[in-house]
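Open the model in a viewer and keep the selection tool ready. The tour below goes from one selection to the next.

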Amino acid sequence: PAITAYRAAILDSLGDPTDLGIDNSYRYFEDGLMVVENGQITALGEATDLLTTLPADITIQQYSDALIIPGFIDTHIHYPQTGMIASYGEQLLDWLENYTFPAEQKFADPQHAADVSEIFVNELLRNGTTTALVFGTVHPASVDAFFHCAEQHNLRMIAGKVMMDRNAPAALTDTPDSSYQDSKALIERWHGKGRLHYAVTPRFAPTSSPEQLSLAGKLLQEYEGLYMHTHLSENKNEIEWVKNLFPDQNGYLDVYDHHHLLGERSVFAHGVHLCDEECQRLADTDSAIAFCPTSNLFLGSGLFNLPQAEKFKINVGMGTDVGAGTSFSMLQTINEAYKVMQLQGKKLHPFKSFYLATLGGAKALKLDDKIGNLEPGSEADFVVLDYNATPLMKYRMAQTQSLEERLFVMMTLGDDRAVKETYAMGKPVYSRD
Ligand code: GUN
Ligand code: FE
């Protein structure tokens, strides 16, 4: 009874299309079968080939006009900003002061944190996102609430408490020592528990003293497998501010580098305005960037230069950055990424887009041995996308000739309505109908 097979069109990413070439970067089965046993994928192939090898009494779940892909991976999002998404009129620094900090102050109340965590996790699952790298607030209980919710659905999630000891309202600041102690307690409580991981989370350079950044670096040395999650070079005024606050460091990235915050599990949101030296340093340390197109457009931050990141072979994942981002949908996020590239005279191929939203994110998070693909041995986190989700999608899909074309229509017109089912560890965690 523990074996279930899913029969549908199935698309699996094998690697970065930019490195492998489009044709070698995926496997596609028009009439595919994916076998799941005890939460793991054990076989993937053509249904007609695989069915003969399986016991006769297994359950087969069949989907038509649908595409199974790995669960989406959101490499940068703020759960406490769920209630202030779509706040009008400001760019980064005023947006933080006028909207973000007031919203985050409400998380002093653990009940509020529990309520928003539930709304947030449901929204991720409605959009087919099965793993995310998540900001909490400065309040340790905000992270307890989120992890508790993630644990109930058995989701692979990464989160951390914001470390912020200056340039923010008093109600939202900690101290170097309290941030160190509070983070340590959360790490002991949650890091490595089930599918959960902890991220040391200094908000961004302007809201941390050098002492606090040093202690963040100390935490990373004290525990195995911790993530480091922060913001980098998002907005021109922010970058000027960092230069003034840290005159002894050689630019924004160097502030983090100086405090030993770069590394293979370090994820920097945005990186919209990076010079070649910074790109080289990110690549050399195996750090990752979260590309957040809806946020970068919404806050008027700028256009992320993906070709520059590719040239330096930096790991890149996609981030929604809700609540500066305007959608939980990774489909809408890659749709906007395509437009960001168009504004720079470049193309974003549909296979590359889907790669970035799944396996690319898993690679950026160093989790590609577990998630982000449907190869045997992977955890069975996947989504069922509906080609006929809306009347327009159905009509447009009927005109398509190729998988490439269908993927592009899916990412351009699709959103939460296109997510029919979401599975985590082989269990349904969301069903649309
Ligand atoms: N930089 C520092 N904090 C934030 C935040 O909450 N959102 C975004 N987009 N950028 C930030
Ligand atoms: Fe952010």
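A residue counts as near a molecule if its C-beta atom, placed from the backbone, lies within 6 Å of it. This is a predicted model, in which local features need pLDDT of at least 70 and side-chain atom pairs count only at pLDDT 80 or more, while totals for chains, interfaces and linings use all residues. Residues are numbered from 1 along each chain as its sequence is written, and chains are lettered from A and ligands numbered from 1 in the order in which they are written.

**Ligand 1.** Select ligand 1, then the residues around it: His78, Leu92, Leu96, Thr100, Arg203, Phe204, His231, Glu234, Ser295, Asp321 and Ala324. This shell has four nonpolar, four polar and three charged residues (Ala, Val, Leu, Ile, Met, Phe, Trp, Tyr, Cys and Pro are nonpolar, Asp, Glu, Lys and Arg charged, and the others, Gly among them, polar). Helix 3, residues 92-105, gives the most to the shell, with three residues (helices are DSSP runs of H or I, at least four residues, and strands are E runs of at least two, numbered from the N terminus).

Next select residues 68-429, which an unreviewed UniProt entry lists as "domain: Amidohydrolase-related". Such annotations may be inferred rather than shown by experiment. Over this range the chain is 43% helix and 17% strand, and the end C-alpha atoms are 15 Å apart.

**Two helices.** Last, select helix 14 (residues 350-357) and helix 17 (residues 403-413), which pack at an angle of about 55° with their axes 9 Å apart (axes are lines fitted to C-alpha atoms over the stretch in contact, and angles run from 0 to 180 degrees between N-to-C directions). Helix 14 and helix 17 are therefore oblique to each other (under 35 degrees is roughly parallel, over 145 roughly antiparallel, 65 to 115 roughly perpendicular and the rest oblique). Pro350, Phe351, Ser353 and Phe354 of helix 14 meet Glu404, Leu407, Phe408 and Met411 of helix 17, with contact meaning C-beta atoms, placed from the backbone, within 7 Å.

Technical notes:
Two residues are in contact if their C-beta atoms, placed from the backbone, lie within 7 Å.
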